[in-house]
Amino acid sequence: MQRLSPVRSGWQLLKPCCEGAAKQANTSTSTSRHYSHLPPPPPPPPPQGHKSFGLLFDIDGVLVRGRTPIPEAKQCFRNLVDGNGKYKVPVVFVTNAGNCMRQTKAEHLSHLLDVEVCPDQVMLSHSPLRMFTQFHKKRVLVSGQGPVEEVAHNLGFQDVVTIDMLREAYPLLDVVDHNRRPKDSIPPSKGLRPIDAVILFGEPIRWETNLQLIVDILLTNGNPDNSWSSMQYPHIPVLACNMDLLWMAEAKNPRFGHGMFLVCLESLYKKVTGYELKYEALIGKPSVVTYNYAELLVRQQAERLGWTTPVKRLYAIGDNPMADIYGANLYNRYLQASHHTKAQMQAKSGGGGADPLAETVDNAPKMTSAELGGASSTYGAEEDLPEGCSSILVCTGVYSRDQQELPSDPTQTVTEQRIFHGHRDFRFDPSLTQPSVIVQDVKEAVELVFEQEGWPLE
């Protein structure tokens, strides 16, 4: 097996990206957080005799609820840094949010947690798109909110069209809101060169506008001057980031996420054409490509800490069983498959014995293209891949201890009270939604990890 192809060159692509982000952060005029130009003294290496590990933190529902920090989060991060404010272990923030730049999110987290968070510690749902270089020179339509055009250019896309630009070029397409309809005379269309692909960053503000115009693009082969035709199938490529159906803000109950927008788009497309909407890539948790990219960031953080040995285990802390837990467990399955392949190759060359993971890997379902993130279905082992990834579920967000446990029989999941909240293209595997451990909050989660690893926390 070979590693996911878009991530194969990730380390080379990631270094210039992170260095550029840090440089940009250093020269920022923002008053909320400044980054030091001088390299800090490295923290001590892992305690002798102990394996190294890294931490992956979800943000919404784990560290914050909307704009409000979860109280235990601040104390947790005070313990995660030394007296000089430097992290004791590699820390990466992995969120399905994607309506801002990494530097903006880093400054926001720095302010909320009262510790320095650098842009290269932050992974947004769209971050792996940097690896999809085959689309970077194509004309792409981007959907979402916030600085979507700037985000797209920052990821490497060179020819970007926003929904607003499409509306302006074709003023007769968006007519749901009567107040936005053209007044008096009918304005002419300005026309645009055809769209080659659609990128869905996150939930937009005006769902009806984005749904209408995206369907227009898909049914006209990227050119709204054409008539609708369901014969244009398969349609032009669609790459979607963030599959979260629900997310937790300040409200008592969960709010609609981008996954809900995708459900609407999929339903509309099938209702109009009779065909399933197809995705070139599904990116963000719980896809494997997202965790592959996060592992690259952890590896970079370990190098900056002066660690000379590879990170042996990852701990992913989240609040959403269908995003954080499913994704971490799926990635753990991917890691096991990678190590199993390596063991098989060594056995064939006479350099290894029996593989203890063989039965577990052989009995596990083969991952789908969607679960891999829409990347090549081939993946494999590298020398420095972690041994595994453990999932830790907190009760401060989407999940609460009051919820009923998911049944082990997947045929019993779709009932009045038990609905599968994962994406349409992901199979429901009950074992992947079961965390390694459930704790009350992020502080308890980190304390448990350090205790298990035998590391001093305070």
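What follows is a conversation about the sheets, helix contacts, cavities and backbone details of this predicted model.

Colleague: In the open sheet of 6 strands, which strands stand at the edges?

Modeller: The 6 strands follow the order β5-β4-β1-β13-β14-β15, and their pairing is parallel. An edge strand in this sheet pairs on one side only, and that description applies to β5 (122-123) and β15 (437-439).

Colleague: Which residue of β5 stands opposite F93?

Modeller: Strand β4, made of residues 91-94, pairs with β5 in the parallel sense over 2 bridges. Within this part of the sheet, the residue of β5 that stands opposite F93 is V122.

Colleague: A helix packs on this sheet; what angle does the direction of α9 make with that of β4?

Modeller: Helix α9 packs on the sheet and touches β1, β4, β5 and β13. Taking the direction of α9 against that of β4, the angle is about 155 degrees.

Colleague: There is also an open sheet of 5 strands; why is one side of β7 and of β12 left without a neighbour?

Modeller: The order of this sheet is β7-β6-β8-β9-β12, with parallel pairing. Because β7 (159-162) and β12 (281-283) stand at the edges, one side of each has no neighbour in the sheet, and each is left with a single partner strand.

Colleague: By how many degrees are neighbouring strands of this sheet turned against each other on average?

Modeller: One of the pairs is formed by strand β6 (residues 139-143) and strand β8 (residues 197-200), which pair in the parallel sense over 4 bridges, and S143 stands opposite L200 in β8. For neighbouring strands of the sheet, with direction ignored, the average turn is 20 degrees.

Colleague: Are α9 and α10 roughly parallel or roughly perpendicular to each other?

Modeller: Two packed helices are described by the angle between their axes and the distance between the axes. For α9 and α10 the angle is about 75 degrees, and the axes are 9 Å apart. Since an angle of 65 to 115 degrees counts as roughly perpendicular, α9 and α10 are therefore roughly perpendicular.

Colleague: How many charged residues does the contact of α9 with α10 have?

Modeller: On the α9 side, V288, Y291, N292 and E295 take part, and they meet A323, D324, G327, A328, L330, Y331 and Y334 in α10. By class, the contact of α9 with α10 has 7 nonpolar and 2 polar residues, and the number of charged residues is 2.

Colleague: Which residues of α13 meet α3?

Modeller: The axes of helix α3 (residues 71-80) and helix α13 (residues 442-453) come within 8 Å and cross at roughly 30 degrees, which means that α3 is roughly parallel to α13. In class terms, their contact has 6 nonpolar, 1 polar and 2 charged residues. From α3 come E72, A73, Q75, C76 and L80, and the residues they meet in α13 are V442, K443, V446 and F450.

Colleague: How many charged residues are in the lining of the second largest cavity?

Modeller: About 50 Å³ of space lies in the second largest cavity, and E295, V298, R299, P310, V311, D384 and P386 line it. These lining residues divide into 4 nonpolar and no polar, and the number that are charged is 3.

Colleague: Last, the backbone: where is P286 found?

Modeller: Most residues other than glycine have a negative phi, and most peptide bonds are trans. The bond from K285 to P286 is cis, with omega near 15 degrees, and a cis peptide bond also joins Y233 and P234, with omega of about 5 degrees. P234 lies in the loop between α7 (207-219) and β9 (238-241), whereas the place of P286 is the loop between β12 and α9 (288-304).

Colleague: And what is the phi of N221?

Modeller: N221 is in the loop between α7 and β9. Its phi is a positive value in a residue other than glycine, near 55 degrees.

Note on methods
Residues are numbered from 1 along each chain as its sequence is written. This is a predicted model: local features need pLDDT of at least 70, side-chain atom pairs count only at pLDDT 80 or more; totals for chains, interfaces and linings use all residues. Side-chain values use heavy atoms; hydrogens and water are left out. Axes are lines fitted to C-alpha atoms, for helices over the stretch in contact, and angles run from 0 to 180 degrees between N-to-C directions. Angles under 35 degrees count as roughly parallel, over 145 as roughly antiparallel, 65 to 115 as roughly perpendicular and the rest as oblique. Contact means heavy atoms within 4.5 Å. Ala, Val, Leu, Ile, Met, Phe, Trp, Tyr, Cys and Pro count as nonpolar, Asp, Glu, Lys and Arg as charged, and the others, Gly among them, as polar. On a 1 Å grid over the protein atoms alone, a cavity is a set of points where a 1.4 Å probe fits but cannot get out, and a pocket is an open set with protein on both sides within 12 Å along at least five of seven lines; lining residues have an atom within 4 Å of a point. Grid points are joined across faces, edges and corners, and a volume is the space filled by probe spheres set on the points. Two strands pair if DSSP finds at least two bridges between them.
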